[in-house]
Amino acid sequence: LESSLLTQPWASVCFGKSTFLAKVCFRDTGYILLISDLSSVWYESADAEAVGQRSKELNKRLTVHVSSFLHRLCNLMCPLLAGQPDATTSFSCHHTASGLSLHVKSELSGLPFYWDFHCCPAPVEMVSRHLVRPLIRMSLALQYQVQELISLLLQKDAEIEDYRESGAALSRDRLRTEPFQEEAFQQSFMAEVRSGAS
């Protein structure tokens, strides 16, 4: 389950006034949920037996197979993570002494349907595997991309300057651009980042 979770994208979700990043993976054998407020990271991994036991405690009137229960949970969580939550379903969360509890209230076959995700702090290795390493890899890829684009811009400026020295002129003056200044660009970009973070 956790290896499958690695392929799932992070999604931004709101519970009340709190915003989280979350990712989840469901199978007939259970599920794994990872959720973070960017200060802490919590997770829950539950197999079919644990899901069956908790469903009996929370939904005494419902008698459905565990795989159907998991399928219903998937149908509630996945649209939420895709930004299209079910209007008949409510989600709420609160911090507990042991972690984070996510409460789901909906209906199934015309009966009330409840579920609680009991999330505990994620191990350091899990946080590194799902959050830190992918972010660092993406940051390095973006840095490489920026350097490639800067190199291309400087080549284009040199090409344009060569045309000008050869006597070429723009047919439309509004297309004229100033030569790219890498240092000024980097300073302006960092100033925008700092103002956005404050």
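Is Cys119 buried or exposed? In this predicted model, Cys119 is buried, with a relative accessible area of 4%. Cys14 counts as exposed, at 52% relative accessibility.

A disulfide is a covalent bond between the sulfur atoms of two cysteines. The cut-off applied here is a pair of cysteine sulfur atoms within 2.5 Å. For Cys119, the closest cysteine sulfur belongs to Cys120 and lies 7.6 Å away, too far for a bond. For Cys14, the closest cysteine sulfur is that of Cys93, at 10 Å, which is also too far for a bond. A search of the whole structure accordingly returns 0 disulfides.

The strands form an open sheet of 7 members. Their order is β1-β2-β3-β4-β7-β6-β5, and the pairing is antiparallel. Strands β1 (11-15) and β5 (90-96) stand at the edges. Each has a single partner strand, so one side of each lacks a neighbour in the sheet. On average, neighbouring strands are turned by 30° against each other, direction ignored.

Helix α4 (residues 124-165) lies across β2, β3 and β4. Helix α4 runs at about 75° to β3.

Technical notes. Residues numbered from 1 in each chain as written. Predicted model: local features only at pLDDT ≥ 70, side-chain atom pairs only at ≥ 80, totals over all residues. Heavy atoms only, no water. Pairing = 2+ DSSP bridges. Helix = DSSP H or I, 4+ residues; strand = E, 2+ residues; numbered from the N terminus. Axes fitted to C-alpha atoms, helices over the stretch in contact; angles between N-to-C directions. Contact = heavy atoms within 4.5 Å. Buried < 20%, exposed > 50% of the residue type's maximum accessible area, 1.4 Å probe, protein only.
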